[in-house]
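Let's take a friendly walk through this structure together. Have the viewer open and follow along as we go.

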Amino acid sequence: MYSVPDFFLVSNPINRYSIGDRTPGIVRDEEGSLTITISHTKPASDAAAANWLPSPAGDFRPVLRMYEPAPSVLDQTYVIPPITRI
(Lines give C-alpha, C1' and ligand atoms only; values in the text may rest on other atoms or scores of the structure.)
Protein backbone atom coordinates (compact mmCIF):
# COMPACT_ATOMS: atom_id res chain seq x y z
CA MET A 1 0.00 0.00 0.00
CA TYR A 2 1.56 3.24 -1.16
CA SER A 3 0.55 6.87 -1.03
CA VAL A 4 -0.16 9.00 -4.09
CA PRO A 5 1.65 10.71 -5.74
CA ASP A 6 4.91 10.00 -3.93
CA PHE A 7 4.88 6.18 -3.48
CA PHE A 8 5.59 6.28 0.27
CA LEU A 9 4.39 3.51 2.58
CA VAL A 10 1.15 4.48 4.30
CA SER A 11 1.57 5.04 8.03
CA ASN A 12 -1.13 3.21 10.00
CA PRO A 13 -2.02 2.14 13.57
CA ILE A 14 -1.17 -1.56 13.09
CA ASN A 15 2.09 -1.03 11.18
CA ARG A 16 0.90 -3.23 8.32
CA TYR A 17 2.06 -2.30 4.84
CA SER A 18 1.27 -5.49 2.95
CA ILE A 19 -0.63 -8.77 3.23
CA GLY A 20 0.67 -12.10 2.00
CA ASP A 21 0.62 -15.80 2.68
CA ARG A 22 3.02 -15.32 5.61
CA THR A 23 1.06 -12.51 7.30
CA PRO A 24 0.36 -13.64 10.88
CA GLY A 25 -3.31 -14.12 11.74
CA ILE A 26 -4.85 -13.88 8.27
CA VAL A 27 -8.21 -15.60 7.89
CA ARG A 28 -9.08 -17.54 4.74
CA ASP A 29 -12.63 -17.85 3.42
CA GLU A 30 -14.39 -21.25 3.63
CA GLU A 31 -13.21 -22.23 0.12
CA GLY A 32 -9.62 -21.22 0.92
CA SER A 33 -9.56 -17.84 -0.81
CA LEU A 34 -8.31 -14.69 0.86
CA THR A 35 -10.43 -11.54 1.00
CA ILE A 36 -8.37 -8.46 1.81
CA THR A 37 -10.17 -5.46 3.26
CA ILE A 38 -8.63 -2.16 2.16
CA SER A 39 -9.94 0.66 4.32
CA HIS A 40 -8.82 3.77 6.18
CA THR A 41 -10.74 2.68 9.28
CA LYS A 42 -10.55 -0.68 11.03
CA PRO A 43 -13.36 -3.04 9.94
CA ALA A 44 -15.92 -4.07 12.56
CA SER A 45 -15.85 -7.78 11.67
CA ASP A 46 -13.05 -9.84 13.24
CA ALA A 47 -12.32 -11.69 9.96
CA ALA A 48 -12.17 -8.44 7.96
CA ALA A 49 -9.97 -6.85 10.64
CA ALA A 50 -7.59 -9.84 10.48
CA ASN A 51 -7.21 -9.25 6.72
CA TRP A 52 -7.18 -5.45 6.94
CA LEU A 53 -4.75 -3.53 4.80
CA PRO A 54 -4.96 0.05 6.09
CA SER A 55 -5.13 2.75 3.45
CA PRO A 56 -4.99 6.54 3.56
CA ALA A 57 -8.26 8.49 3.68
CA GLY A 58 -7.67 9.79 0.16
CA ASP A 59 -6.07 8.34 -2.93
CA PHE A 60 -3.72 5.38 -2.67
CA ARG A 61 -1.79 3.02 -4.90
CA PRO A 62 -2.10 -0.73 -4.20
CA VAL A 63 0.65 -2.87 -5.70
CA LEU A 64 0.45 -6.61 -6.33
CA ARG A 65 3.74 -8.47 -6.22
CA MET A 66 4.09 -12.14 -7.12
CA TYR A 67 7.27 -14.00 -6.34
CA GLU A 68 7.77 -17.26 -8.23
CA PRO A 69 4.35 -16.99 -9.90
CA ALA A 70 2.52 -20.03 -11.21
CA PRO A 71 2.61 -20.74 -14.96
CA SER A 72 -0.95 -19.38 -15.30
CA VAL A 73 0.31 -15.97 -14.15
CA LEU A 74 3.22 -16.04 -16.58
CA ASP A 75 1.10 -17.11 -19.55
CA GLN A 76 -1.53 -14.53 -18.53
CA THR A 77 -4.42 -17.00 -18.18
CA TYR A 78 -4.79 -16.19 -14.46
CA VAL A 79 -7.18 -13.28 -13.97
CA ILE A 80 -6.34 -11.04 -11.03
CA PRO A 81 -9.53 -10.42 -9.02
CA PRO A 82 -10.64 -6.78 -9.15
CA ILE A 83 -10.72 -4.44 -6.21
CA THR A 84 -14.41 -3.89 -5.50
CA ARG A 85 -15.87 -1.04 -3.47
CA ILE A 86 -18.52 -2.03 -0.93
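**A tour of the chain**

At 6% relative accessibility, S55 counts as buried, where buried means under 20% relative accessible area, exposed means over 50%, and partly exposed covers what is in between (1.4 Å probe, protein chains only). A word on the source before going further: this is a predicted model, in which local features need pLDDT of at least 70, side-chain atom pairs count only at pLDDT 80 or more, and totals for chains, interfaces and linings use all residues. Residues are numbered from 1 along each chain as its sequence is written, and side-chain values use heavy atoms, with hydrogens and water left out.

Back to S55, which sits in the loop between β3 and β4. Helices (H or I, at least four residues) and strands (E, at least two) are DSSP runs, numbered from the N terminus. Leaving out residues up to four places away in sequence, S55 touches M1, V10, I38, S39, H40 and F60; contact here means heavy atoms within 4.5 Å.

The loop between β3 (52-54) and β4 (60-61) also holds A57. Is A57 buried or exposed? With a relative accessibility of 67%, A57 counts as exposed. Its C-alpha atom is separated by 8.4 Å from that of T41, 16 residues apart along the chain.

Now step back to the loop between α1 (46-50) and β3, where you will find N51. N51 has a relative accessible area of 2%, so this residue is buried. Setting aside neighbours within four places in sequence, the contacts of N51 are R16, I19, I26, V27, L34, T35, I36 and T37.

With those places in mind, zoom out to the whole chain. The protein chain has 2 helices and 4 strands, arranged along the sequence as β-β-α-β-β-α. Its C-alpha trace spans about 35 × 35 × 25 Å along the principal axes. How many of the 86 residues count as buried? The share is 23%. Among contacts between residues at least 6 apart in sequence, 41% join residues at least 24 apart.

The surface comes next. A nonpolar surface patch is formed by L64, M66, Y78 and I80, which together have about 380 Å² of accessible area. Patches are made of residues with over 30% relative accessible area and no salt bridge, joining like charges within 9 Å and nonpolar side chains (Val, Leu, Ile, Met, Phe, Trp, Tyr) within 5 Å. A salt bridge is a side-chain nitrogen of Lys or Arg within 4 Å of a carboxyl oxygen of Asp or Glu.

Finally, some backbone details to check in your viewer. The peptide bond from V4 to P5 is cis, with omega near 5°, and P5 belongs to the loop between β1 (2-3) and β2 (37-39). E68, in the loop between β4 and α2, is not a glycine, yet has a positive phi of about 55°. At 80% relative accessibility, E68 counts as exposed. Q76, in the segment after α2, also is a residue other than glycine with a positive phi, near 65°. The relative accessible area of Q76 is 68%, so Q76 is exposed.

Notes: Accessible areas come from the Shrake-Rupley method with a 1.4 Å probe; for residues, only the protein chains shown count as cover.
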